[in-house]
Amino acid sequence: MDKMSKIVGIVDWINGPVVKAVDIHSVEMMELVEIGDDRLIGEIIELDQDRATIQVYESTTGLKPGSYIYGSGIPLSVELGPGLIGNIYDGIQRPLKAISEHSGNFIHKGVKVRPLDGQKKWPFSPAVSEGDQVGAGSILGVVRETPLFEHRILTPVDIEGTVEFIQPEGEYSIDEPIAWIRTLQGSCPVRMVHRWPVRLARPYLRRLMPEEPLITGQRVIDTFFPIAKGGTAGIPGGFGTGKTITQHQLSKWCDADIIVYIGCGERGNEMTGVLMDFPKLMDLKRGRPLMERTILIANTSDMPLAAREASIYTGITIAEYYRDMGYDVALMADSTSRWAEALREISGRLEEMPAEEGFPAYLATRLAKFYERAGRVQTLGGRIGSVSAICAVSPPGGDFSEPVTQHTKRFVRSFWGLNKELASARYFPAIHYMESYSEYLDFVQAWWTRHVDPNWKLLRDEAMQILQQDYKLQRIVKLIGEDALPDAQRLILEGARILKNAFLQQSAFDEVDMYAVPKKQFLMLRAIMHFYHRASEVIRAHIPISRIMQLPVINELNRMKEKIPNGNTDQFDLLFQQIDQCMEELEKESMAIL
């Protein structure tokens, strides 16, 4: 912000990140301001004649009443252009790497570093010619931002007209005009960079149905509780249940083009792990470093509250920017509970009337507006893009009845409930099949039918029914023991045990098992259900369950996830033959006895 900004008011009252000002003039709601000699960044959130309330995004330690407030004339915005990918920002898009080079390992008050490098030259290739008609969202040219990613320079949303001038192929900085467009109002320059208010959703042509699954390679998600591209998902779980690890796996393996990862109020050591690990991780599907398609936003629990509240809007605005280019973006927020806690603390300092558990009455509205910005859309330029929002929730004590979890369930359509007992048993992912659901099953069924097998939904529903029956039978087992059940019910327990161990449980460290392609997922499930059906036939032939449980093929079923690679799914034919052979031998034994 320009240091010559005009004085628009005076600090009168300070309470943590909330500042009240007097003698306010020439400002608007949600305008970005600078406060005091350190020029702390803030945002006007309330106006009352000549008085204003300001939310400050930095520590107000040392700020005094009587300090001047300087206006900017713009709302809190992010800078969008080449250079975002691979960068690490705080909640208000201050680049942490550049700040570290500028002022050391700590962010000093009032430090100002531009989000994007204005000096760097980018290789630009034009996609239009002089005299071409362009509209909002048209591609003017492309920039190779990383070896993995082509950055598309679009016509701004408020510009439509004729290309007067387009730069030839070459290297340019983000501030140099790469085109001039003749509109009804005159000739307008277009640069590679522009600013966008974080609380304003970027426009699109129309919203589309979420018909294509976001393939994650995690079987419990893709097969049992899928999320579609442009969908929303919540990952609630108590401390230590694996929310962060699950999001790391999704970041590594999901088939999105871009990952935006928001560390929103998490502990510093957790975020340090992300910042240290992500630059070293390889995108094994593409053979390139994961950071070449990732943007990190780090706003830890010891950083200013107000910036934490803004961080999820910063993240989703960046995600919408890449969506408008026609890409599929996956946004990970860890966690919205910490964001809600920041909202609660700011609300308390504003002396607003609290609602349930002290959260502000508008908590549900804010969550709804955030999740509403996810979706699969046709962009202004006619391309198809999506933003998928996958957000962790950290309910205190793992209590899913608390307000943030309950409101999240209202607005997301995939709910992956993590279970403390499963996590304690080293079971990953610790997604409990009785506490989770997905409303995208019917939407993505056609994709699975076309690309994998028409019987996918039938097998999935049948397996889910076995798991549900097992859940009910476990209560009886605790009272009378498993041996007291009839063989048909014991087979249900055994089938559910194989489903849990061989299918739902997945190792994040095994090179074969860490990622499963859709075809392998289906064949694994089909093998388990084939075993279950053949075993049911054998039990009806009066062969005891104890003989079935001794079959060596059960061990093969439990190990198929590690033994059969994604590219060798033909090996499942041999497994089916082994199942049939074992069952036929049992039937022959039964006939011999008779």
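Contact here means heavy atoms within 4.5 Å. The model shown is predicted.

**View 1. F239 sits in a loop and is exposed.**
The loop that holds F239 lies between β19 (232-236) and α3 (243-253). Which residues does F239 touch, leaving aside its neighbours within four places in sequence? The contacts are with R267 and K420. F239 has a relative accessible area of 62%. The cut-off for exposed is over 50%, so F239 counts as exposed. E58 is 181 residues apart from F239 along the chain. The C-alpha atoms of F239 and E58 are separated by 28 Å.

**View 2. Six strands form a closed barrel.**
The strand order is β1-β2-β5-β4-β3-β6. Pairing in the barrel is antiparallel. From one strand to the next, the twist averages 45°. Strands of a sheet pair through backbone hydrogen bonds, either parallel or antiparallel.

**View 3. Strand β3 pairs with β4 and with β6.**
Start with β3 (residues 31-35) and β4 (residues 40-48). These two strands run antiparallel and are joined by four bridges. L32 stands opposite E43 in β4. What is the bridge partner of E34 in β4? The partner is I41. Between β3 and β4 lie four residues, and the two strands form a hairpin. G36 is in the turn and has a positive phi of about 75°.

Now turn to strand β6 (residues 68-75). β3 and β6 also pair in the antiparallel sense, over four bridges.

**View 4**
How many of the five residues of β3 are buried? Five of the five are, so the strand counts as mostly covered.

**View 5. Four strands make an open sheet.**
The order across this sheet is β12-β11-β9-β14. Pairing is antiparallel here. Which strands are at the edges? They are β12 (149-154) and β14 (170-172), and each pairs on one side only. The twist averages 40° from one strand to the next. Within the sheet, strand β9 (residues 122-126) pairs with strand β11 (residues 139-146). Three bridges link β9 and β11 in the antiparallel sense. P126 stands opposite G141 in β11.

**View 6. Helices α11 and α13 pack against each other.**
Helix α11 covers residues 456-480, and helix α13 covers residues 518-540. Their axes are 10 Å apart. The packing angle is about 55°. The two helices are therefore oblique to each other. α11 passes α13 in a left-handed crossing. Which residues meet where these helices pack? From α11 come W456, L459, R460, E462, A463 and I466. They meet F522, L525, R526, M529, Y532 and H533 in α13.

**View 7. Helices α7 and α8 pack with a right-handed crossing.**
Here helix α7 (residues 363-372) meets helix α8 (residues 403-411) at an angle of about 40°. The axes of α7 and α8 are 10 Å apart. That angle makes α7 oblique to α8. α7 contributes L363, A364, L367, A368 and Y371 to the contact.

**View 8. C254 and C391 are buried cysteines.**
A disulfide is a covalent bond between the sulfur atoms of two cysteines. How many disulfides does the model have, with a cut-off of within 2.5 Å between sulfur atoms? The count comes to zero. C254 is in no disulfide. Its nearest cysteine sulfur, that of C391, is 13 Å away. Is C254 buried or exposed? C254 is at 0% relative accessibility, so C254 counts as buried. C391 is also at 0% relative accessibility and counts as buried.

Terms used
Residues are numbered from 1 along each chain as its sequence is written. This is a predicted model: local features need pLDDT of at least 70, side-chain atom pairs count only at pLDDT 80 or more; totals for chains, interfaces and linings use all residues. Side-chain values use heavy atoms; hydrogens and water are left out. Two strands pair if DSSP finds at least two bridges between them. Axes are lines fitted to C-alpha atoms, for helices over the stretch in contact, and angles run from 0 to 180 degrees between N-to-C directions. A disulfide is a pair of cysteine sulfur atoms within 2.5 Å. Buried means under 20% relative accessible area, exposed over 50%, partly exposed in between (1.4 Å probe, protein chains only). Angles under 35 degrees count as roughly parallel, over 145 as roughly antiparallel, 65 to 115 as roughly perpendicular and the rest as oblique. A crossing is left-handed if the near helix is turned anticlockwise from the far one by less than a right angle, and right-handed if clockwise.
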